[in-house]
Amino acid sequence: NTGGFKLLKNALQTNVSEGKDILKNVNQYPDLTCEFNVPSPDHQARYCYDCRRIEKYVNVDDVIVEIGSGGAAGTASKFLSRNKIKCYVICDLSTVLLVSYYNLTSAFPKLKIHYLRLEDRLEEVYDKYDVVLVPQYDADKLRNIPVKLFYNAYSLSEMCESEIAEYMDIIQSTGQYFISENYLGPKEGKCHICDGPYLPLKEFIPDNLKIIKQEDPISPGTDYEIRPVIHYMI
């Protein structure tokens, strides 16, 4: 929650060893089930590819919203190391945002990074910071800012139906573009990475969003039909 985040944030900023020990030994804490800061070469390759895809659609005055960055915030880190934009917004689980905050502040100590509090109005905050972290329970606030591009890799397919529907409604109501690496189909299947079930996004795409481009993903897999497809929607 916001209070817990503030305590850990203060611990990290003052170099209190306990806070850093939690993150450096993340596998010992089941509530922080996400990458720390050791992405594999395959992940690094995907971050580079995805960064280049995003760069084609945005410029310095734009806002990007990444849904589900993961604790490593790899795509965000790669993008921010190469580009300057109005604001990079990350929406994810609060525990994952803790790790994202640690990794981003460690990599970019000069960036202004803000964790959105319950009382904050996103439309009053986003243009004051380089990065804004939005907990998933406040996702509806994303409707209040002008978003040039939404981006998501994998996690939408892993959500429940109501969550997918809500995010897709947010995307079509405020964003101009959406780049996604998720499963469009078939109707039933398992993720080639975690072997967990997924929901195909094709059934949730609003009528006013059209797929304008598709690519084979950089991620490993053997059967194209059951692998996630990178799709660009406008």
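How much accessible surface does the protein chain have, and what percentage of it belongs to carbon and sulfur atoms? In this predicted model, the accessible surface comes to about 11,500 Å², and carbon and sulfur atoms hold 49% of that area. The chain has 234 residues, and buried residues make up 49% of them. Its secondary structure consists of eight helices and eight strands. Among contacts with a separation of 6 or more, 64% join residues 24 or more positions apart.

Two packed helices are described by the angle between their axes and the distance between the axes. For helix H3 (residues 41-55) and helix H4 (residues 74-82), the axes come within 9 Å and cross at roughly 55 degrees. H3 and H4 are therefore oblique to each other, and their crossing is right-handed. On the H3 side, the residues in contact are Tyr-47, Cys-48, Asp-50, Cys-51, Arg-52, Ile-54 and Glu-55; on the H4 side, they are Gly-74, Thr-75, Lys-78, Phe-79 and Arg-82. Sorted by class, this contact holds five nonpolar, two polar and five charged residues.

H4 also deserves a look beyond its partner helix. Gly-74, Thr-75, Ala-76, Ser-77, Phe-79 and Leu-80 of H4 are buried. Of these, Gly-74, Thr-75 and Phe-79 also take part in the contact with H3. The cover over the buried residues of H4 includes H3 and helix H5 (94-107), together with strands E1 (63-67), E2 (87-92), E4 (131-135) and E5 (147-153).

Two isoleucines round out the picture, beginning with the one in a loop. Ile-145 lies in the loop between E4 and E5. Because its relative accessible area is 2%, Ile-145 is buried. Leaving aside residues up to four places away in sequence, Ile-145 touches Val-63, Val-65, Val-89, Leu-122, Glu-123, Tyr-126 and Thr-174.

Ile-179 counts as buried because its relative accessibility is 3%, under the 20% cut-off. Ile-179 and Asn-152 stand 27 residues apart in sequence, and their C-alpha atoms are 6.6 Å apart in space.

Technical notes:
Residues are numbered from 1 along each chain as its sequence is written. This is a predicted model: local features need pLDDT of at least 70, side-chain atom pairs count only at pLDDT 80 or more; totals for chains, interfaces and linings use all residues. Side-chain values use heavy atoms; hydrogens and water are left out. Axes are lines fitted to C-alpha atoms, for helices over the stretch in contact, and angles run from 0 to 180 degrees between N-to-C directions. Helices (H or I, at least four residues) and strands (E, at least two) are DSSP runs, numbered from the N terminus. Angles under 35 degrees count as roughly parallel, over 145 as roughly antiparallel, 65 to 115 as roughly perpendicular and the rest as oblique. A crossing is left-handed if the near helix is turned anticlockwise from the far one by less than a right angle, and right-handed if clockwise. Contact means heavy atoms within 4.5 Å. Ala, Val, Leu, Ile, Met, Phe, Trp, Tyr, Cys and Pro count as nonpolar, Asp, Glu, Lys and Arg as charged, and the others, Gly among them, as polar. Buried means under 20% relative accessible area, exposed over 50%, partly exposed in between (1.4 Å probe, protein chains only). Accessible areas come from the Shrake-Rupley method with a 1.4 Å probe; for residues, only the protein chains shown count as cover.
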